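This briefing is meant for a reader who is meeting the structure for the first time.

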Amino acid sequence: MTEQELANVIWDIKEIIRNLYDDAEVEDVILPFTLLRRLDCVLDGHRDAIMKEMNAIKDKPILMQELKLKALLKQYNLTFFNKSGLSLERLLGAPDQIGASFQTYLDGFTDNVKDILANFVHTDTSSETLDLSPIYSRLERHDKLYSVIQLFVQRADLHPDVVSNAMMGTVFEIVIRRSKESSNTKAGQFYTPREIVRLLVSLTMCGKESELYEPGRAFSIYDPCCGTGGMLTAGREYLQELSGRSDLKVYLYGQELNEKTYAICKSDLLMKGEDQNLDRQLFRGDTLGDDKLEGKTFSFMLANPPFGMDWGKDERVKKRVMDDNCPGGRFEAGLPSSNDGSLLFLQHMVSKMDDQRGSRIGIVLNGSPLFNGDAGSGWSNIRKMLLDRNLLDCIVALPKNLFYGTDITTYLWILDNKRPAERLNKVLFINAAHTEYTKLLQKNLGKKRFEISEEGAKDILTMYREYKDATRDIVYEKTGEVEQLQVARLLDYDDFRYTTVVTRRPLRLWYENITEKYAALCEDDDFDIDAKKNAILKTVSELDEIDKKRSDYEFFNYLKTNKIKYTATGLNLLRDKFGTISEDAPEAYEKPLNVKSGFAADKYLNDTEKIPQKQDIDEYFAKEVQPFAPDAWMDRTKDKLGVEFPFTRIFYKYRPLRSVDAILAELRSLDDSINI
């Protein structure tokens, strides 16, 4: 029986509970019972021998029993046990007591298994007594528990001599995928389509092949939001496949917030029987708010963080994130806006890069991290950090409709902290957002209409290996014509850096009809006549000949002649309330009667220019600004450095609009075909 056939057998057991569970709930039965059946089958050859030795010391202190069990598990190369001596098959011998017996059976498992089961049913794992009854209570109430156990025992032979660890892992992954695809409910939140995982893994591990053959070398893979663990297991399989060594040591680490997906992930790894200490490698919790693997570094890191996750809602998480936004902290480069935490996960992974041996990161992101935020913002500063540290190696744009829960374009970012010298300060952009890289599904799965084709994935990997500009024949969908388009571009880091320069223009004011303006102010309910700061307005409005038209210099010189004194606040108030902006007025000075103080800036004419790093700022200003605003100047004290990745603009191809004659000809042709 193949992996697919066995997975189908297991998944089809759902038919017995179809009217009892909704599609989205079926996995609550199928997944934990698959785990229990596999654990039983693994223990079958050793259960009685271990129970015999444990029964011999059942009257001894608990600590002695625990040490003895630990020694026996090591002797038999096991990582779990069931101290009740029961199995699913043995439970069938007492149908009248199936509920109570099943509870005893569950309670007999070692803590690592009970932790998984508790998370399947969202039970508080911190309490002294775990309530695992939700696993079976609904089945028992509807007289389905015995039947479900019976079907698993009769149909699913999962003994290790029939189903290897590798095969079991594949079977469980297929069952997981079937469960997610059958409901489509938030599947994309916890499950990344397998072909995308495979592509991301191949890109992330590209170039490290020679290291796989170093004697005694072990590798680690980490996913900070590991979901069901698909990226972790795919990463290990890919490394073992590349090396040709199934015994290659690859240790898997991860953290997951959702209880059920954490349970699925841990189940998958436990059933595969790998040399993993899961209690020290796989954790449940919020990665941003409580890093369970603080201080550790990893060889490879993979992630598909949740899109648009609001990290500011949870005050505890927000405080931890803010605390780590400091020199040496995880988020020292900056903070993105609180409604999207994807770049926090990226920074978190960067903080776990191994500076000695090197690390590579592959992460799935939406379009926002490419360009959100102005120069000086958290978004921009994070991108800047990636370039300043020479980390960004490649970004790949994927087609739309690849994920279950979203139809947006997504991007794969590849980072490396030990890049070859020839790639210093360079990055490759690959635009694979074309249907040529996809295969249409026979049936939509939520919003997923396509999958990355095998040929498409190979071509993307080939372009990445070659690391240079590339063109491909692409069909333009609107016309059906084949065009040769550039789909890969090798660019300098400086192509993405820019400086935001503030430009200012002089304030130009005329002053006239002051008494009329002051009278209008007094009629305004929002104007406080008796306020101390407004006294200067009243004093000035009562001067003789104050209504005469004057420039800013003339106006304040007139006040000086009349021995009127004013503060900086008074100066601004007089200009704001009595001055009228006019292009034909002379310039106003920062200090009204001091021509050396420089022009005062008109706040309504302030502007910014985004000047590319490769362009001289003074030359840009002379060419792009001064011809249109000869009186403008730059305030270089306000300069801000920024970084953005304008992916769409980089690959934009201008296509002239169709002529009116061509459009009319097409309409006539359509009209003629209808009349026929």
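This is a predicted model: local features need pLDDT of at least 70, side-chain atom pairs count only at pLDDT 80 or more; totals for chains, interfaces and linings use all residues.

Asp143 is found in the loop that runs between α8 (137-141) and α9.

- Asp143 is not a glycine, and yet its phi is positive, at about 55°.
- With a relative accessible area of 67%, Asp143 is exposed, because the cut-off for that class is over 50%.
- Asn425, which is not a glycine either, has a positive phi of about 60°, and its place is the loop between β7 and β8 (426-431).
- The relative accessibility of Asn425 is 34%, so that Asn425 counts as partly exposed.
- As background to these angles, most residues other than glycine have a negative phi.

- Leaving aside residues up to four places away in sequence, Asn431 touches Ala397, Val487, Phe647 and Phe651.

**Salt bridges**

- The structure holds 49 salt bridges, and the pairs described here are examples taken from among them.
- Arg465 forms a salt bridge with Glu209, and the closest N and O atoms of this pair are 3.2 Å apart.
- Because Arg465 lies in helix α20 (residues 454-466) and Glu209 in the loop between α12 (194-205) and β1 (219-223), the pair ties together parts of the chain that are 256 residues apart in sequence.
- Arg465 counts as partly exposed at 43% relative accessibility, and Glu209 is partly exposed as well, with a relative accessible area of 21%.
- Asp416 forms a salt bridge with Arg360, with 2.8 Å between the closest N and O atoms.
- Distant parts of the chain are linked by this second pair, since Asp416 sits in strand β7 (residues 411-416) and Arg360 in strand β5 (residues 360-365), 56 residues apart.
- Asp416 and Arg360 are both buried.
- Glu454 forms a salt bridge with Lys458, and here the closest N and O atoms are 3.6 Å apart.
- Glu454 and Lys458 are four residues apart in helix α20, so about one helical turn separates them.
- Glu454 is exposed, with a relative accessible area of 54%, and Lys458 likewise counts as exposed, at 52% relative accessibility.
- Salt bridges also join into a network, in which Lys208, Glu211, Glu214 and Arg217 are linked.

**How helices α6 and α9 meet**

- Helix α6 (residues 98-107) and helix α9 (residues 145-155) have axes that come within 10 Å and cross at roughly 55°.
- The two helices, α6 and α9, are therefore oblique to each other.
- On the α6 side the contact is made by Ile98, Gly99 and Phe102, and on the α9 side by Leu145, Tyr146 and Ile149.
- Sorted by type, the residues of the contact of α6 with α9 comprise five nonpolar, one polar and no charged.

- Three strands form an open sheet, in the order β15-β14-β16, and their pairing is antiparallel.
- The edges of this sheet are taken by β15 (550-551) and β16 (579-581), each of which has a single partner strand, so one side of each is left without a neighbour in the sheet.
- Strand β14 (residues 509-511) pairs with β15 in the antiparallel sense over two bridges, and Tyr511 stands opposite Arg550 in β15.
- Helix α24 (residues 568-578) packs on the sheet, where it touches β14 and β16, and the direction of α24 makes about 60° with that of β16.

Conventions
Residues are numbered from 1 along each chain as its sequence is written. Side-chain values use heavy atoms; hydrogens and water are left out. Axes are lines fitted to C-alpha atoms, for helices over the stretch in contact, and angles run from 0 to 180 degrees between N-to-C directions. Angles under 35 degrees count as roughly parallel, over 145 as roughly antiparallel, 65 to 115 as roughly perpendicular and the rest as oblique. Contact means heavy atoms within 4.5 Å. Ala, Val, Leu, Ile, Met, Phe, Trp, Tyr, Cys and Pro count as nonpolar, Asp, Glu, Lys and Arg as charged, and the others, Gly among them, as polar. A salt bridge is a side-chain nitrogen of Lys or Arg within 4 Å of a carboxyl oxygen of Asp or Glu. Buried means under 20% relative accessible area, exposed over 50%, partly exposed in between (1.4 Å probe, protein chains only). Two strands pair if DSSP finds at least two bridges between them.
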